[in-house]
Amino acid sequence: MIKPFFPAILLLSSISAFGQEVSLSIRGVSGELEQNVETYLQAIPSQDYSTSLRFQARVEKRLTEALNALGYYHPNFSFETNSGEQELVITIVPGEPVLIALVDIELSGEARDDQAFKTLIERSGLKQGQVLNHSLYDGLKSRIRNLALQRGYFDGDYTVSRLEVSPNLDQAFIRLHFDSGIRYAFGQSSITGSQIDLMRVESLSPYKQGDPYLATAVGEYNQNLSNTEWFSSVLVEPDLSHLGEGRELPMKVSLAPQARNQLETGLGYSTDVGAKGSLKWKQPWVNSSGHSFTSSFSISGPEQTVTAGYKVPLEDALNEYYQLKYGMKNLDNRDTQSLESNLALERHWLLDNGWHRALYIRYLLENYEQGLQDDSGQFLLPGFSFSRSRIRGGAMPSWGDKQSLSLEFGDDRALSETRVIRLQGGMTWIRSAGRNHRGIFRLDGGANITEDFERLSPSLRFFAGGDNNLRGYNYQSISPTDSSGALTGAKYMATSSLEYQYRIYGNWWGAAFYDYGDAFNDEPDFKRGTGVGVRWESPVGPVRLDFAWGLDATPGDEFKIHFTLGPEL
């Protein structure tokens with residue numbers, strides 16, 4: 001009876017021993033030493049923790065490696081157990097550090113006179129008399145090699161690369177001798193697989209034959225070719241098989257045509273216009289000159305639109321082009337019913353400072369009913385616009401700003417119902433503090449300077465209110481009214497919004513906001529809206545749900561729910 005029972009007792013004892021959770025406590029180090037110790041100990045699984053001598057030896061080895069990496073070669077360790085063998089307390093005495101006694105970094109070859117290498121070495125952090133840090137040595141060694149590859153020193157190599165440590169003397173000796181050889185230059189490009197004229201493809205290159213090699217320029221060329229949407233795949237790379245055959249290195253540009261016809265469908269919803277759908281057809285390239293065509297049809301309850309555009313690239317194919325556009329929109333919203341057609345010819349540039357500039361002339365023809373007014377109108381409107389958008393981050397960027405400004409002019413002596421100068425502008429800023437705090441500020445405005453406001457078509461007038469304007473009020477419900485109380489649209493508009501967001505969990509954010517503005521003719525009667533909301537950084541873009549109160553809304557109509565899906569900038 002005893003023999004069968006005895007093994008059972010041993011098994012239970014073993015389970016009890018392994019079931020105890022042993023914790024580690026580290027004492028005697030702080031700052032960078034403490035962080036490095038914690039990092040090295042993460043290599044030991046927590047389920048392996050114990051108070052055994054074998055485990056202590058294993059920990060001591062990892063701790064020694066962690067301290068050696070930061071220049072401490074004479075550490076002492078003491079181990080003790082607390083709380084009934086469930087806590088292992090390790091006290092560390094780092095000892096005297098090893099100091100750098102010699103920094104011998106030498107460049108030969110053409111990199112010797114390259115300022116980029118001099119700056120890299122100056123910022124390496126390796127100086128005589130400092131405590132040895134192995135990561136600084138390893139980092140500089142790899143960065144010199146990487147910089148050589150980025151700047152075209154493909155024959156570069158180390159003739160000497162040594163880190164010598166003398167623990168007895170508490171001294172370290174660093175020797176890095178790098179022979180770069182020559183710096184290669186961009187050679188002739190070999191372009192394959194392109195359906196677009198080669199001159200047009202070459203115009204997108206940021207470098208010329210004979211320029212010193214730069215990997216960033218190669219990356220920029222790749223990006224430029226991809227941004228044209230002419231190609232389904234793009235690869236620009238140096239032909240390293242020609243190393244040693246001369247200074248100029250041939251470049252290989254491998255391309256594959258994009259599908260000539262593309263269809264896109266979309267579904268969405270916002271409380272402004274309700275459910276909406278869209279169908280887009282585009283031809284990224286129409287011919288070998290890189291012309292492109294786009295068209296779209298979108299439908300919602302109050303709005304139905306059809307657009308088409310034809311783009312003709314110029315010498316700088318990516319940033320300079322002509323565009324012919326046509327659009328038709330049918331609108332039935334509140335007191336506005338209109339059918340408008342726009343035909344425009346545009347010339348676009350990208351300026352060196354990052355601003356996008358466009359000069360254009362458009363012809364507007366509109367049949368409409370606006371309140372008591374039943375009329376039609378035409379306008380020939382030359383104008384210009386400037387815009388810029390900068391973003392850092394994903395769908396909900398941590399930093400960004402967007403500015404736009406446009407001016408149009410119409411004259412009754414040139415196919416316009418009345419003389420008008422039309423100004424519009426907007427600014428949006430996004431800023432973050434840490435990972436969990438975001439702020440968004442918007443400011444938008446517009447003005448119609450005209451001799452006869454009644455002759456302006458509804459699409460040229462201003463309305464306020466809605467998801468992206470003044471929350472707490474219905475879509476385009478704010479404007480002056482006529483004698484019947486119907487909305488007429490306004491000469492001027494000014495709106496602003498201030499919003500604070502806090503990350504609740506993962507991709508979910510809470511928001512609080514305050515909106516202020518009006519659409520008016522003479523004197524503004526500014527409206528206020530405030531509320532709270534939820535933001536979700538979804539895979540298809542930010543989703544926003546707002547609960548808003550119009551502080552100056554008609555009694556009984558103060559509360560609104562706003563739901564939108566789309567980018568913040």
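Which residues does V236 touch, not counting residues up to four places away in sequence? In this predicted model, the list runs to Y207, V218, Y221, N222, L225, M251, K252 and V253, with contact taken to be heavy atoms within 4.5 Å. Some ground rules come before the rest. Residues are numbered from 1 along each chain as its sequence is written, and side-chain values use heavy atoms, with hydrogens and water left out. Since the model is predicted, local features need pLDDT of at least 70 and side-chain atom pairs count only at pLDDT 80 or more, while totals for chains, interfaces and linings use all residues.

Now for the overall picture. The secondary structure comes to seven helices and 25 strands; these are DSSP runs numbered from the N terminus, with helices being H or I of at least four residues and strands being E of at least two. The protein is more spread out than a compact globule, because its radius of gyration is 34 Å, well over the 25 Å that the globule rule gives for 569 residues. That radius is taken over C-alpha atoms, and the rule itself is 2.2 Å times the number of residues to the power 0.38. Along the principal axes, the C-alpha atoms fill a box of roughly 100 × 80 × 55 Å.

Buried residues make up 40% of the 569; buried means under 20% relative accessible area, exposed means over 50%, and partly exposed is in between (1.4 Å probe, protein chains only). Of the contacts between residues at least 6 apart in sequence, 55% join residues at least 24 apart. On the charge side there are 53 positive and 70 negative side chains, and the centres of the two sets lie 3 Å apart. Lys and Arg count as positive and Asp and Glu as negative, leaving out His and the chain ends; each charge is placed at NZ of Lys, CZ of Arg, CG of Asp or CD of Glu.

Back to V236, which belongs to the largest nonpolar core, a set of 22 residues. Such a core is a set of buried Ala, Val, Leu, Ile, Met, Phe, Trp, Tyr and Cys residues joined through side-chain atoms within 4.5 Å. V236 is among the residues with the most contacts inside this core, along with V201, Y221 and L225. At least two core residues come from each of β7 (185–192), α7 (215–227), β8 (231–238) and β9 (248–257). A second, separate core has 19 residues, including A111, I144, L147 and A148. In soluble globular proteins, nonpolar side chains tend to be buried together.

Helix α2 (residues 31–41) holds V37 and also L41. V37 counts as buried because its relative accessibility is 1%, and L41 is buried too, with a relative accessible area of 9%. Leaving aside neighbours within four places in sequence, V37 is in contact with I26, L63, A66, L67 and I92.

Beyond its neighbours within four places, N319 is in contact with H348, W349 and L350. The C-alpha atoms of N319 and H348 are separated by 7.2 Å, with the two residues 29 apart along the chain. V534, in strand β23 (residues 527–538), is likewise partly exposed, in this case at 31%. Residues up to four places away aside, V534 touches W508, W509, V543, R544 and L545. V534 and L545 are eleven residues apart in sequence and 5.3 Å apart in space, C-alpha to C-alpha.

Finally, a word on backbone angles. Most residues other than glycine have a negative phi, and most peptide bonds are trans. L415, though not a glycine, has a positive phi of about 65°; its place is the loop between β18 (399–410) and β19 (420–433). Q476 is not a glycine either, yet has a positive phi of about 50°. Q476 lies in the loop between β20 (437–450) and β21 (492–505) and counts as partly exposed at 22% relative accessibility.
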